[in-house]
Structures are given as C-alpha cells and as structure tokens.
Amino acid sequence: MTAPPPPDPAALERLERIGGATLVVRILAIYLRDAPLRLGEAREALVARDRVGLAAAAHGLISTAANVGAMELSETVRALERAARTAPWEELETGVAAMARAIDEVTPALTAEWQRRDG
Amino acid sequence: MTRVAVVEDNEDNRLLVGAILGHRYEVTAYESGRDALAGMPDARPDLVLLDISLPELDGPEVLRRLRADPRLGAVPVIALTAHAMAGDRERFLAGGFDEYVAKPIVDERHLLEAIERLLTPRPVALPALP
C-alpha cells in the first residue's frame, strides 16, 4: 500500500511569503472548517438527488483545497463538479466517496500544521 | 491610491487576494454580487475582480448590471473562475469581461500582470498630420 499524497508544502510556503504566518493560519483554519461542511453538503445532495447542490458543494472546495496544497482533493472536487451536471448517480456516489477519501488523506497533516503554527 | 474591488464568496480567496494586492492597492472586498452592487457606487473602484460562480447573482449578471450603470459602466472587470475549461477565456472576454484569471491563483504574478495591463492607459491613436 502506498502512502497518501501529502499536501504540497510549497503552497503553505507561498501563503507565508504573501501574507506571513497570520495568512497561513487563517487559510488553514478555513480549510479545516469548510472541508467537512462541503462533504456534508455533497452527501445531502446525493441523498436528495440534487445536482445543483452537489455541484455547488464540490465547487466550494476547489480553491480552498488548492490554497493549502491539497491538489489531489482540488482535482477530485473539480471533476465531481463537472460530473454533477449529467453523470449517473452511481458515478456521483463514487465521486463523493473519492472526495471523502481525499479529505481524509490530507486533513491530518493540515490539522498538525495548523496546530503547530497556531500554538 | 488605486482602488480594487474584489467580489468573491470564498472567504479564503478574499483573504488571499487581499494579501496579494493589499500592499499595492486599496482593496475593498464584497461577499456577494448584491453587496458589491450596493457598495460600489459610493466607493467607485478603478478595477473589479469578479468571481463567476457567486450564489444568487452570478458574475455575468453582476457584470451586466455594472455595465448598465453610468457611474460604473466603464470600470475594467476581471473574471475570476475555478472552472478553467478549454475556451473559458474566449467565452468570458466575448461576454464583456476585460480579462480572465483562473483560480486557484497558483502564481500571483498572473493576477498582478492582468491588473496592471488594464490599469495602464493605452496609447491613443492620433490622426496622421497633414
């Protein structure tokens, strides 16, 4: 089994260069707040068969994930947003599962970063 | 100081754009198209960064209303979008935007260059001397 892809450290270094430690901590905190919210909205949209709601939940995380270096998650939700308009629901269920997996893979490292910098 | 308005519903993108531009421009951020249309007439920006996928009033609709307002109609507007599909740039320029920047903003120089291009006065073609 291969290790999950880590968040790209260059993304946080870039945030630090642009806005210092304060910007890094604030943007990490927004990711940690929003990722579970958007996943919850995506799951609710699946249950309700709500394509617009699913696309909006996925769209909301594209930049947020990329801003903290979670590039695989960003690409996963970008693909999910595109698929949400027309793809069969079974495929969208797989897409939301991939979103959940990608969040699980990067969130521990991003939580540790946030704790380290905010502490 | 040159004023830039940022219309963006994602809080982290508002923060990021504010940090990128804050040293160079006076930045006013709006969370929604409705807030922007209400606030801009009294704080007329020199340039607007407008997210395409806003809830309620989306970017193209906000642009249409800006263009119809005699006080704001001539302000250059840059589309910000996370769609980044083939043909996006041409579609947004044809739709009346002055420039297009894809999100996530992975290289802030693209954003800064697009803003500078639009804020720099273009040379006016003078009629040839007789």
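**View 1. A:Arg49 in its loop.** A:Arg49 sits in the chain A loop that links α1 and α2. Helices (H or I, at least four residues) and strands (E, at least two) are DSSP runs, numbered from the N terminus. The model is predicted: local features need pLDDT of at least 70, side-chain atom pairs count only at pLDDT 80 or more, and totals for chains, interfaces and linings use all residues. Residues are numbered from 1 along each chain as its sequence is written, chains are lettered from A and ligands numbered from 1 in the order in which they are written, and side-chain values use heavy atoms, with hydrogens and water left out. Phi of A:Arg49 is positive, about 55 degrees, although the residue is not a glycine. Most residues other than glycine have a negative phi. A:Arg49 has a relative accessible area of 42% and is therefore partly exposed. The classes are buried under 20% relative accessible area, exposed over 50%, and partly exposed in between (1.4 Å probe, protein chains only).

**View 2. Helix α3 of chain A and its cover.** Helix α3 of chain A runs over residues 71-84, 14 residues in total. First to last C-alpha, α3(A) reaches 20 Å, close to the 20 Å expected at 1.5 Å a residue. The expected span is 1.5 Å times one less than the number of residues. Buried residues of α3(A) include A:Leu73, A:Val77, A:Leu80 and A:Ala84. A:Arg78 and A:Glu81 are also among them. The cover over the buried residues of α3(A) includes α1 (9-48), α2 (51-67) and α4 (89-118) of chain A. Contact means heavy atoms within 4.5 Å.

**View 3. An aromatic cluster in chain B.** B:Phe92, B:Phe97 and B:Tyr100 make up one aromatic cluster. Rings of Phe, Tyr and Trp (its six-membered ring) pair if their centres lie within 6.5 Å; planes under 30 degrees apart count as stacked, over 60 as edge-to-face and the rest as tilted. Over all chains, the structure holds 2 aromatic pairs. B:Phe92 and B:Phe97 have ring centres 6.0 Å apart and planes at 90 degrees, so this pair is edge-to-face. B:Phe92 and B:Tyr100 are stacked, at 5.6 Å centre to centre with 15 degrees between the planes. B:Phe92 and B:Phe97 are both buried, and B:Tyr100 is buried too. B:Arg91 lies over the face of B:Phe92, 4.9 Å from the ring centre. The criterion is NZ of Lys or CZ of Arg within 6 Å of the ring centre and within 35 degrees of the ring normal.

**View 4. B:Thr28 on strand β2.** Strand β2 (residues 26-30) of chain B holds B:Thr28. B:Thr28 is partly exposed, at 29% relative accessibility. Leaving out residues up to four places away in sequence, B:Thr28 touches B:Val4, B:Ala5 and B:Val6. B:Pro45 is 17 residues away along the chain, yet its C-alpha is separated from that of B:Thr28 by 8.4 Å. Along the sequence, chain B follows the pattern β-α-β-α-β-α-β-α-β-α.

**View 5. Backbone geometry in two loops of chain B.** B:Glu56 occupies the loop between β3 (47-51) and α3 (59-67) of chain B. Its phi is positive, about 60 degrees, although B:Glu56 is not a glycine. B:Glu56 is exposed, at 71% relative accessibility. B:Pro104 is in the loop between β5 (99-102) and α5 (108-119) of chain B. The peptide bond from B:Lys103 to B:Pro104 is cis, with omega near 0 degrees. Most peptide bonds are trans.
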